[in-house]
Amino acid sequence: MNTRRLILLLLIAATVVVYAPVIHYPFVNYDDPSNVYENPHVTKGLSAAGIKWAFTSGTEGMWLPLTWLSLMADAQVYGVSAGGFHLTNLLWHIVNTLLLFGLFRRLTGAAWRSAWVAAMFALHPLHVETVAWVTERRDVLSTAFWLLTMWAYANYAQLPSRTRYALIWLPYLLGLMAKPMLVTLPVVMILMDLWPLRRTLNLRLIAEKLPFLLPAIVISVIAVHFQKGIGTAYSFEALPLTTRLEHMLIAYVRYIGHTVWPTGLVVFYPYPRVLPVTQVVGAGLLLLVVTWFVIRWAGSRPYLAMGWGWYLVTLSPVIGLVQVGAQAMTDHYSYVPLIGLFVVVAWGAPEILTKRPWLPVLGVGTILVCIGLTRQQLRYWRDSRSLFEHALAVTRDNWMAHNGLGIALSQQGQLDEARRHFLEAIRLNPGQAALHKNLANVLVKQDELTAAIDEYHIALQLKPHDPDVIRALATAHYNLAGQLAKQGQSAAAIRHLQAALRLQPDDPQANYNLANLLLAEGHATEAIPHYEAARRVRPHHAETHTNLGNAFLAVGRKTEAIAQYREALRLDPQQVAARHNLAVALAGRH
């Protein structure tokens, strides 16, 4: 067996062994509901309507048609079974690992250094989030097209032709449709020119990359538009530029820190309220010093410029200058950028460590350490409760972790504990509508409907057109009305049913119940429109026709009452009240 095949088999085997448990994991309650198992477009599988939605939707604030189609294909094959979705993520991760190894081996001829880069990519704990989180299908999918684009560009660079140049565009555009992360790829092509392609930089080389910027710019504009549309992109009034720049410096260094010392990794890192000046200055100085050394040695060690530039450039869209979401940073953002740091180490370590026999030991040792840490990190993703309990154990003031754990506990029936976590999440971040909605949902389960209604109203003030909140609030008003009616508090029950109908005017049961209460209170004229509204939605409900007939009869509209009684009996001949009242109406008419 030759070296290349041996390395490929080792990479596949190691990745499968490390990540095999993930195919038995369920979905998590963080973004997976809206993206996958509660998304009707996805769960229905591939269809003409679904494909149209994929290409026109800005769900989650991004244009991701290829990712949606991939998730729909999984639903088509596996149904809504988490194991199948996890398996697909893992397979794409393996494909990316093999593409990465093959690309650098081909361009550099250094099989074992390329193998180390690919192994670190496959097995580093920072990449657990991308593989184990079904929502991050966008990362594994877009990275495959990223690497295929690099392959196509390498083919073109080594033997330029119009055909080979045109072939770069297919994987590039497909990657952009999986995730906008590829917007920085034209710059990475220039870095590839420096090393390992070793092309002499000139205006012609730069000009050949310029056309690739156009779709990147268009995709970026679309992404920002969708993010603003759903309110996840922060304005500069809410988050000033100086704060963003300070955070950017610290985030660049923190990602490096997590690469070197990958412990305390969590699904959500809260945005810091205060950034210590010493940390900001220290991070800035460190980045400047490293960049200065890289520039100084770029001529003799071009892999440093390529690797360091790769890291800085590919992380730039998600480093916080355009702040999307409430997180300070997130592990899956490092999926592509870490390749640059791995390249720096793989080609730089042999120059630092002159005693070459130590290199294989250190290389294998780092991989083994990563395997152990990755298996540990993977355990936290076994379910939502473990994921967020770990986050709370290693971070402070993590409102998102409290929320996620609250949802998990609520689903397990531990309502008091769930309520406590939702209250703490609201204390930390009172401006999040979802937190008030989740607390209200628990209060409903605890039969505290008045308190739940108050929380739903707060949620609607923060997010006025949230359909989930509107439906839940209407239901809470409806249920509270039922309780009040049983207690004989008809006036209060009427008020809550009217509130429910202001939110959902066509609800047939709310209209029917309100009409019954109004009729019982002697307000037959007011009851009639609500009976008619209920009848329009449920024309085959015999009781609605009977009671509408009673309301007509009460206001002297005997002919219309008789028609309703007869319709009720046609629908249900066993309607005793309709038969009796019909006889009364007919006798009275004569």
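In which kind of crossing does H14 pass H16? The crossing is right-handed, a term for the near helix being turned clockwise from the far one by less than a right angle, with anticlockwise giving left-handed. Welcome to a short tour of a predicted model, in which local features need pLDDT of at least 70, side-chain atom pairs count only at pLDDT 80 or more, and totals for chains, interfaces and linings use all residues. Residues are numbered from 1 along each chain as its sequence is written, and side-chain values use heavy atoms, with hydrogens and water left out.

**Helix pairs**

- Helices here are DSSP runs (H or I, at least four residues), numbered from the N terminus.
- The axes of H14 and H16 (residues 302–315) come within 11 Å and cross at roughly 125 degrees; axes are lines fitted to C-alpha atoms over the stretch in contact, and angles run from 0 to 180 degrees between N-to-C directions.
- That angle makes H14 oblique to H16, the class left over once angles under 35 degrees (roughly parallel), over 145 (roughly antiparallel) and 65 to 115 (roughly perpendicular) are set aside.
- In this pair, Ala251, Tyr252, Tyr255 and Ile256 of H14 meet Trp308, Tyr311, Leu312 and Leu315 of H16, where contact means heavy atoms within 4.5 Å.
- By class, this contact has eight nonpolar, no polar and no charged residues; nonpolar covers Ala, Val, Leu, Ile, Met, Phe, Trp, Tyr, Cys and Pro, charged covers Asp, Glu, Lys and Arg, and the others, Gly among them, are polar.
- H7 and H17 pack at about 145 degrees with axes 9 Å apart, and H7 passes H17 in a right-handed crossing.
- Residues of H7 including Trp116 and Met120 meet residues of H17 including Phe342 and Trp347.

**The second largest pocket**

- Its volume is about 1100 Å³, counted as the space filled by probe spheres set on grid points joined across faces, edges and corners.
- A pocket is an open set of points on a 1 Å grid over the protein atoms alone, with protein on both sides within 12 Å along at least five of seven lines; lining residues have an atom within 4 Å of a point.
- Of its 41 lining residues, Trp116, Met120, Leu362, Gly363 and Thr366 lie nearest the centre.
- H18 gives the most to this lining, with 13 residues.
- The lining divides into 33 nonpolar, seven polar and one charged residues.

**The cavity**

- The structure holds one cavity of 30 Å³ or more, a cavity being a set of points where a 1.4 Å probe fits but cannot get out.
- About 40 Å³ of space lies in the largest cavity, and its lining includes Asp139, Lys179 and His332.

Key:
Helix = DSSP H or I, 4+ residues; strand = E, 2+ residues; numbered from the N terminus.
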